[in-house]
Amino acid sequence: MKRRVVITGVGTISALGKGLDALWNAALEGRTGIGIISSFDSSEYKSHLGAEARHLDMTDRLDQKLAKKADPYARYAMWAADVAVEESELVIDDANREDVGVIIGSGIGGMTTWEAQFERLIKRGPSRVSPFLVPMMIADMASGLVSIQTGAMGPNLTAVTACASGVHSMAVAIDMILLGRAKAIISGGAEAGISQSALAGFCSAGALSVRNDDPEHACRPFDRDRDGFVMGEGATCIVVEDLEYALQRGAPIMAEVVGLGLSGDAYHITEPTRDGAGAALAMKKALRDAGMTPGDIDYINAHGPGTPAGDASEARAIASVFGDVLDRVPISSTKPVHAHMLGATGSTELALCTRVMETGIIPHTLNCDNPDEAAEPLNLVRGEPLEASVTRVMSNSFGFGGHNISVVISKYEG
């Protein structure tokens with residue numbers, strides 16, 4: 001009998017605060033974590049915008065000795081993982097630690113650590129660079145530190161696929177469980193990419209919103225006046241595990257992962273195809289993996305970052321896949337709330353999707369006042385949240401390099 005994989009715990013930290021409740025309430029109330037960047041002077045940059053989480057106190061859950069040797073992105077992961085494990089009621093001990101893994105992705109890794117130490121190298125010489133530079137900078141260290149923090153000794157690795165890293169890491173975790181290589185895995189994504197060099201790079205690429213005088217309305221998915229995405233930071237960790245193991249230990253089951261679809265654009269390093277062929281392929285594969293048709297999906301959490309090319313491409317992809325049922329499938333993007341958390345954004349959105357199924361409430365897409373031509377056929381949730389019966393959800397994540405993934409989750413029905 002084929003193994004089944006379920007979600008049993010979620011931990012989230014974002015610019016909106018600590019915990020999924022803080023993010024969920026903001027999404028329903030139409031509040032955003034986007035503001036003017038405060039961690040450094042952004043006045044000389046084209047974009048001054050970001051959704052920062054650096055102000056949050058995480059000492060309540062972090063081993064301070066470990067945290068001192070961790071970049072902010074890894075500290076976010078450690079905090080979120082501790083919450084997720086607690087929520088899943090998973091006790092990691094000598095009896096199961098070899099069967100519990102950690103797979104947490106990051107698109108950029110320790111960018112702020114790299115910047116600080118490079119500046120020290122230039123100003124003070126190579127002997128003054130911290131011996132912790134490399135372990136604090138590398139993108140896999142969140143997985144390593146969470147393993148040390150929890151004692152989990154199962155599969156331990158990281159998927160790096162830019163803005164899809166968090167969900168790709170989760171997909172690897174799910175496949176590991178389906179292959180029998182682990183019984184439970186702490187998965188997800190973490191990012192602290194709001195840094196001088198990252199901001200400069202994205203500004204030079206013309207990828208960011210420059211609506212600096214109006215941060216609240218800067219991120220505008222599918223709106224005709226959108227002008228780019230806004231960087232965010234934080235982490236979401238999700239405990240996924242073998243259904244039989246979850247039932248055996250009486251775990252609280254939040255949702256079942258029923259379909260994964262992965263694809264590549266084979267097109268461009270940053271731009272998606274105009275027709276969204278790669279994204280459409282990921283959605284089709286996810287539906288096929290779930291044994292579902294487009295009409296079985298009750299809600300789509302769109303990638304929808306607010307970029308002119310990206311949103312239009314995704315809109316065309318969704319329209320091509322969902323065709324005749326397009327008007328019956330509600331769609332929204334939550335990025336105007338938490339911003340684009342890069343490698344952490346996909347797992348964050350998937351966490352929100354579990355809450356959608358739990359409550360029957362779909363968050364609306366903030367700032368989508370006038371959908372553009374490509375998005376007009378979509379059944380976009382705008383203006384206010386939508387109450388609906390939701391038992392099956394699709395969530396999309398796409399990253400630079402043409403990395404696409406769609407995940408289908410459903411209510412667990414035994």
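These legends describe close-up views of a predicted model. Residues are numbered from 1 along each chain as its sequence is written, and side-chain values use heavy atoms, without hydrogens and water. Local features need pLDDT of at least 70 and side-chain atom pairs pLDDT 80 or more, while totals for chains, interfaces and linings use all residues.

**View 1. The largest pocket.** Its volume is about 500 Å³. Of its 27 lining residues, Thr270, Pro272, Thr307, Gly310 and Phe400 are the closest to the centre. Helix H11 (308-322) and strand S15 (392-399) are the elements that give two or more residues to this lining. H11 gives the largest share, 5 residues. The lining divides into 11 nonpolar, 13 polar and 3 charged residues. A pocket is an open set of points on a 1 Å grid over the protein atoms alone where a 1.4 Å probe fits, with protein on both sides within 12 Å along at least five of seven lines; lining residues have an atom within 4 Å of a point. A volume is the space filled by probe spheres set on the points, which are joined across faces, edges and corners. Helices (H or I, at least four residues) and strands (E, at least two) are DSSP runs, numbered from the N terminus. Nonpolar covers Ala, Val, Leu, Ile, Met, Phe, Trp, Tyr, Cys and Pro; charged covers Asp, Glu, Lys and Arg; the others, Gly among them, are polar.

**View 2. The second largest pocket.** About 200 Å³ of space lies here. The lining has 13 residues, with Lys2, Leu178, Val257, Val258 and Asp289 nearest the centre. Helix H7 (165-178) and strand S9 (255-264) each give two or more residues to the lining. The largest share, 5 residues, belongs to S9. By type, the lining holds 6 nonpolar, 1 polar and 6 charged residues.

**View 3. Two positive phi angles outside glycine.** Glu89 has phi near 60°. Glu89 sits in the loop between helix H3 (72-88) and strand S5 (100-105). Glu89 counts as exposed, at 52% relative accessibility. Ala162 has a positive phi of about 55°. The loop between strand S6 (156-157) and H7 holds Ala162. Ala162 is partly exposed, at 21%. Buried means under 20% relative accessible area, exposed over 50%, and partly exposed in between (1.4 Å probe, protein chains only).

**View 4. Trp114 in its helix.** Trp114 belongs to helix H4 (residues 111-124). Trp114 is partly exposed, with a relative accessible area of 34%.
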